[in-house]
Amino acid sequence: MISADEDQEEALLLRAVEYYKSPYLQETDMQWIVQRRDQLRLLNSQALISLGRIYKRRGDTENSLGFFTRSLAHTPEREDIHREVMNIYLKMGRKQDAVTQYKQLSETLRTSYNINPSRETQDLYRIVESS
């Protein structure tokens, strides 16, 4: 059963996501504007993730997947969300998409931070590969 609180949370999050059309004052590089732009980008990503989790709890994999992948466009370093996407692809029988997701994450982590995915993510990748 979905609570009224969750319905209200969903409505507010959807409204917040709707208002975020593009990066804040993207043509301006003043430090305070850059900081605010980053804050808004992260808030938008978190709203998308929260919506993805709401739909995941409801068993709505298509909407969940959509919100999670949209959030990764703003925060591609979120390894936990890449795992969420990989798990959804695995449940949907889309093994190649899960593999591609892992490779995208690996590339992002390597180029941005010079690190590999965590053991947890590597274990999930092995499950994907063996399925």
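I am working on a predicted model, where local features need pLDDT of at least 70 and side-chain atom pairs count only at pLDDT 80 or more, while totals for chains, interfaces and linings use all residues. Residues are numbered from 1 along each chain as its sequence is written, and side-chain values use heavy atoms, with hydrogens and water left out.

**Entry 1: salt bridges.** I looked up the total and found 13 salt bridges in the structure.

**Entry 2: Arg58.** Which residues does Arg58 pair with? I found a salt bridge to Asp7, with the closest N and O atoms 3.2 Å apart. This pair links distant parts of the chain, since Arg58 is in helix H2 and Asp7 in helix H1, 51 residues apart. My helices (H or I, at least four residues) are DSSP runs numbered from the N terminus, as are strands (E, at least two).

I also found Arg58 in a salt bridge with Glu10, at 2.9 Å from N to O. Arg58 lies in helix H2 and Glu10 in helix H1, so this pair ties together parts that are 48 residues apart in sequence.

**Entry 3: how covered are they?** Arg58 counts as partly exposed at 27%, and Asp7 is partly exposed at 38%. Glu10, at 13%, counts as buried.

**Entry 4: the network.** I noted that Glu6, Asp7, Glu10, Arg57 and Arg58 are linked in a network of salt bridges.

**Entry 5: Arg53.** I then turned to Arg53, whose side chain meets that of Asp80 in a salt bridge (3.5 Å, N to O). Here helix H2, with Arg53, is linked to helix H4 (residues 79-91), with Asp80, across 27 residues. Arg53 is partly exposed at 29% relative accessibility, and Asp80 is partly exposed at 24%.

**Entry 6: a nonpolar patch.** What makes up the nonpolar surface patch? I found Tyr24, Leu25, Met30 and Trp32, covering about 410 Å². My patches take residues with over 30% relative accessible area and no salt bridge, joining like charges within 9 Å and nonpolar side chains (Val, Leu, Ile, Met, Phe, Trp, Tyr) within 5 Å. The areas come from the Shrake-Rupley method with a 1.4 Å probe, and for residues only the protein chains shown count as cover. Leu25 sits in the loop between helix H1 (4-19) and helix H2 (31-58), and Leu25 is partly exposed at 42%.

Conventions: Salt bridge = Lys/Arg side-chain N within 4 Å of Asp/Glu carboxyl O. Buried < 20%, exposed > 50% of the residue type's maximum accessible area, 1.4 Å probe, protein only.
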